[in-house]
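Here's a quick briefing to read alongside the model. Have the sequence and the structure open as you go.

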Amino acid sequence: IGDASRALARIDVAIERYKDARKAQSVDADAAVIGAFREAMDNDLDTPAAVSLLFKTINRMNSALDRTIDGGLGLGAAIVSIVAALGLEAYRDEPVIPAEVADLFQRREAARSSRDFALADALRGELEELGWIIEDGKAGGTLRRRAT
C-alpha cells in the first residue's frame with residue numbers, strides 16, 4: 001500500500017508540474033507515447049507495460065522540463081491521457097497550507113534569495129519535520145505535502 005501511495009503521489013507531482021508549465025495553453029499529447037500506450041493495452045491489456053511506460057514518460061517529462069518548458073509539454077499531456085485511460089484521478093484537491101508552514105516557506109525562500117544557505121537548509125528541515133517538501137527550480141521553490 002505504501003508503494004502504491006508513493007506511486008500515486010509521484011503521478012500527482014508530475015501532473016502538477018505539467019499544469020504549472022503549460023499555463024492553461026492547449027497542448028497535444030506526444031503521439032509516440034500514446035501509440036506505445038495503445039500498443040501495450042491492445043496486447044491483451046498489458047498493464048505492467050503501460051504503467052512502466054507511464055513512469056518512463058514521467059522521467060522523460062521531468063528531464064525535458066528541467067531543460068526547457070516546451071520540450072516536456074507533449075509528454076505531460078500524454079501522462080494526463082494515460083492516467084485518465086487507466087481510471088486514475090489525475091488532479092487532486094490542492095492541500096490547504098497552514099499559516100505556520102507558509103511563513104516558514106516564505107522565510108526559506110528569502111534566505112535562499114539572499115544566499116543564506118545555512119538558514120535556508122534549516123528552514124527546509126523544519127518544513128520536512130512538519131510533513132512538507134520543497135522542490136527547488138530556477139523560478140524558486142515549490143511547496144508540496146509529503147506523500148504518506
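Predicted model: local features only at pLDDT ≥ 70, side-chain atom pairs only at ≥ 80, totals over all residues.

A residue counts as buried under 20% relative accessible area, as exposed over 50%, and as partly exposed in between (1.4 Å probe, protein chains only). Numbering runs from 1 along each chain as its sequence is written, and side-chain values use heavy atoms, with hydrogens and water left out.

**Overall layout**

- The protein chain has six helices and two strands, taken as DSSP runs numbered from the N terminus (helices are H or I, at least four residues; strands are E, at least two).
- Along the sequence, the pattern reads α-α-α-α-α-α-β-β.
- The C-alpha trace spans about 55 × 35 × 25 Å along its principal axes.
- Take the contacts (heavy atoms within 4.5 Å) with a separation of 6 or more: 64% of them in the protein chain link residues 24 or more positions apart.

**Helix 1 against helix 3**

- The axes of helix 1 (residues 2–22) and helix 3 (residues 47–67) come within 11 Å and cross at roughly 40°; axes here are lines fitted to C-alpha atoms, for helices over the stretch in contact, and angles run from 0 to 180 degrees between N-to-C directions.
- This crossing of helix 1 and helix 3 is left-handed, meaning that the near helix is turned anticlockwise from the far one by less than a right angle (clockwise would be right-handed).
- On the helix 1 side, the residues that meet helix 3 include Ala7, Ile11, Ala14 and Tyr18, and among their partners in helix 3 are Leu54, Phe55, Ile58 and Leu65.
- The residues of this contact of helix 1 with helix 3 divide into ten nonpolar, two polar and three charged (Ala, Val, Leu, Ile, Met, Phe, Trp, Tyr, Cys and Pro count as nonpolar, Asp, Glu, Lys and Arg as charged, and the others, Gly among them, as polar).

**Helix 5**

- Val101, Leu104, Phe105, Arg108, Glu109 and Ala111 are buried in helix 5.
- They cover an arc of only 160° around the axis, so they sit on the same side of helix 5; the arc is that of the directions from the helix axis to the C-beta atoms.
- Ala99 and Ser113 are exposed on the other side of helix 5.
- The cover over the buried residues of helix 5 includes helix 6 (117–129), strand 1 (132–137) and strand 2 (140–145).
- Glutamate 109 is buried, at a relative accessible area of 15%.
- Leaving aside neighbours within four places in sequence, glutamate 109 is in contact with Asp136, Gly140 and Gly141.
- Just after helix 5, arginine 115 takes a positive phi of about 65°.

**Helix 6**

- Which residues of helix 6 are buried? They are Ala120, Leu123 and Leu127.
- Seen down the axis of helix 6, its buried residues fall within an arc of 65°, so they line one face of the helix.
- That buried set packs against helix 5, strand 1 and strand 2.
- Exposed Ala118 and Glu129 are on the face of helix 6 turned away from its buried side.
- Just after helix 6, glycine 131 takes a positive phi of about 95°.
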